[in-house]
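Here is a short report on helix packing, a sheet and pockets. Please look at the model before reading on.

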Amino acid sequence: MTLTGFYLPFSEQLDLEANTKMLALTRALLAHPLPGVTDVVPGYVKLYLEYDAERVARARVLRWVRRHLEALSDAPAGKEVEIPIRYDGPDLAWVAEQTGLSVEEVVRLHSQAPYRVFATGFTPGFPFLGPLPERLRLPRRGTPRALVPAHAVAIAGNQSGIYPLPSPGGWHLIGTALTQVYNPHRAPVFLLEAGDRVRFVPSEGPTPAVPALKPLLPAAPRYPALRVEEPGLLDLVMDSGRRMAGRLGLAASGALDGRLAGLANRLVGNPPDAPLLELTLKGPVLSALRPLVAVFVGYGMRPLVGGAPVEVAQTFALRTGDKLHFAAAPDGARGYLALAGGLESDRFYGSASTDFRGLIGRPLQAGDVLGVAEVRGARAGFGFALPPLGAQRVRLLPGPQYSPEAMRALCAGTYELASGDRMGLRLLGPEVPGGELISEATPLGAVQITTEGQPIVLLNDRGRIGGYAKPALVHPADLPWLAQLRPGQTVRFVPAALE
């Protein structure tokens with residue numbers, strides 16, 4: 001799978017008519033999907049079309065879009081929703097002081113205005129609401145909070161929003177929503193969608209609970225296969241990812257190195273997108289509950305059965321009672337453990353992949369029992385030699401906010417990985433010009449520039465909408481190598497055209 005995409009702009013600034021037309025096209029495209037298109041993500045004024053270049057050509061995607069754009073009719077009006085708000089936010093008095101208003105006037109202005117849901121994203125179900133009354137408009141916080149509580153109501157610039165789950169955030173907190181806008185156990189999961197209309201109602205009452213985690217692994221699998229004796233650092237069930245859900249703010253998720261995950265599944269005879277385990281840096285200790293054939297493909301560790309090493313990228317047999325664990329290896333960070341028959345798992349929006357931010361699934365814990373979806377054999381001792389990682393220059397393509405200055409800065413020197421997770425890789429090195437912009441969809445592999453001028457490479461679990469410049473995109477073929485970096489390792493960027 002080679003994911004790429006493009007933006008379809010409808011306006012250069014916040015515009016109600018342009019947003020309405022864009023959402024009408026979004027509905028039309030979702031109603032008539034094109035095979036190979038993996039997501040349709042509206043922002044405020046730009047629609048992002050993501051597709052698998054191995055399955056469909058860009059020209060065909062453009063023809064599909066053009067056909068529906070030419071036949072576009074008015075979109076049905078979204079629903080009207082009243083949301084009770086307790087105006088008790090820690091920034092409420094500060095907002096009143098900065099705007100020269102009383103607290104009562106801030107509450108009156110914020111609650112009397114009808115809002116349009118221009119987009120949802122950032123976190124699952126987070127609504128971008130506007131326009132905000134002009135007298136309440138303030139820039140974002142200079143330093144974002146590390147943790148904003150769930151259900152916080154906030155304002156920034158021309159926008160208001162509701163944080164559905166605890167998360168970082170740079171907006172000003174003025175209240176608490178007394179209704180959950182996202183709950184993966186509820187129908188509907190999402191209270192609001194783009195195009196809806198919202199009015200806030202000043203109210204009193206208890207703060208809603210944070211939604212409970214939604215497990216995907218069955219509590220009692222049909223064919224128990226492995227018991228977790230000790231968890232590793234981060235053991236996650238993954239498949240090829242969650243598609244066509246970016247407009248709701250759900251992470252795409254899926255294996256960070258899809259090539260290795262697909263190879264692991266093929267070696268044991270599974271479909272390439274069958275659920276398997278993604279292991280990071282330190283693997284688990286597992287006991288076999290039935291005879292199995294398995295394979296580990298990846299880096300950062302080496303499998304051992306009963307203390308004896310087995311080859312990476314080569315299938316091996318497990319007998320009932322065998323212990324499988326992993327020894328540390330110096331190169332790389334992630335690998336994939338596949339079982340013949342695939343892991344048994346429920347799905348959420350079409351995928352078995354774990355989504356931390358959306359509270360979908362969780363890392364393995366001691367005592368968990370993993371089952372296989374079907375019992376069948378596979379050949380042990382079958383595989384290939386996995387090549388060493390080696391040093392690599394990472395190719396950059398022009399991003400949506402491309403500038404020659406930003407590209408030169410990115411390619412001017414060496415960057416060090418300061419920290420990284422499934423959301424993105426934070427790099428330290430030469431400063432890069434960037435800045436804020438109207439929130440839009442965030443492509444996989446986008447190089448986003450922080451307010452300090454440092455790049456973050458956005459990965460599978462990134463927020464689906466963001467408001468920072470993205471002057472470059474990592475070449476899709478180089479993303480898996482980046483996902484194998486460890487903190488402290490370095491990387492050099494080069495323009496793809498010169499590579």
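The text below takes the helix pair, then the sheet, then the pockets.

This is a predicted model, where local features need pLDDT of at least 70, side-chain atom pairs count only at pLDDT 80 or more, and totals for chains, interfaces and linings use all residues. Residues are numbered from 1 along each chain as its sequence is written, and side-chain values use heavy atoms, without hydrogens and water.

**Helix pair.** Helix 3 (residues 92–99) packs against helix 4 (residues 103–112) at about 95°, with the axes 8 Å apart. That makes helix 3 roughly perpendicular to helix 4 (the class spans 65 to 115 degrees). Helices here are DSSP runs (H or I, at least four residues), and strands are E runs of at least two. Axes are lines fitted to C-alpha atoms, for helices over the stretch in contact, and angles run from 0 to 180 degrees between N-to-C directions. L92, A93, V95, A96 and T99 of helix 3 meet V103, V106 and V107 of helix 4 (contact means heavy atoms within 4.5 Å). By class, this contact has seven nonpolar, one polar and no charged residues. Ala, Val, Leu, Ile, Met, Phe, Trp, Tyr, Cys and Pro count as nonpolar, Asp, Glu, Lys and Arg as charged, and the others, Gly among them, as polar.

Five strands form an open antiparallel sheet, in the order 14-15-22-17-20. Pairing needs at least two DSSP bridges between two strands. Strand 14 (235–238) and strand 20 (316–318) are the edges; each has a single partner strand, so one side of each lacks a neighbour in the sheet. Strand 17 (residues 292–298) is joined to strand 20 by three bridges. One pairs L292 with L318 in strand 20. Helix 5 (residues 258–267) lies across strand 15 (276–280), strand 17 and strand 22 (334–339), at about 155° to strand 17.

**Pockets.** On a 1 Å grid over the protein atoms alone, a pocket is an open set of points where a 1.4 Å probe fits, with protein on both sides within 12 Å along at least five of seven lines; lining residues have an atom within 4 Å of a point. Grid points are joined across faces, edges and corners, and a volume is the space filled by probe spheres set on the points.

| Pocket | Volume | Lining by class |
|---|---|---|
| Largest | about 1200 Å³ | 20 nonpolar, 16 polar, nine charged residues |

F122, P168, R426, Q448 and Y468 lie closest to the centre of the largest pocket. Strand 30 gives the most to its lining, four residues. In the second largest pocket, helix 5 supplies the largest share, six residues.

Terms used. Angles under 35 degrees count as roughly parallel, over 145 as roughly antiparallel, 65 to 115 as roughly perpendicular and the rest as oblique.
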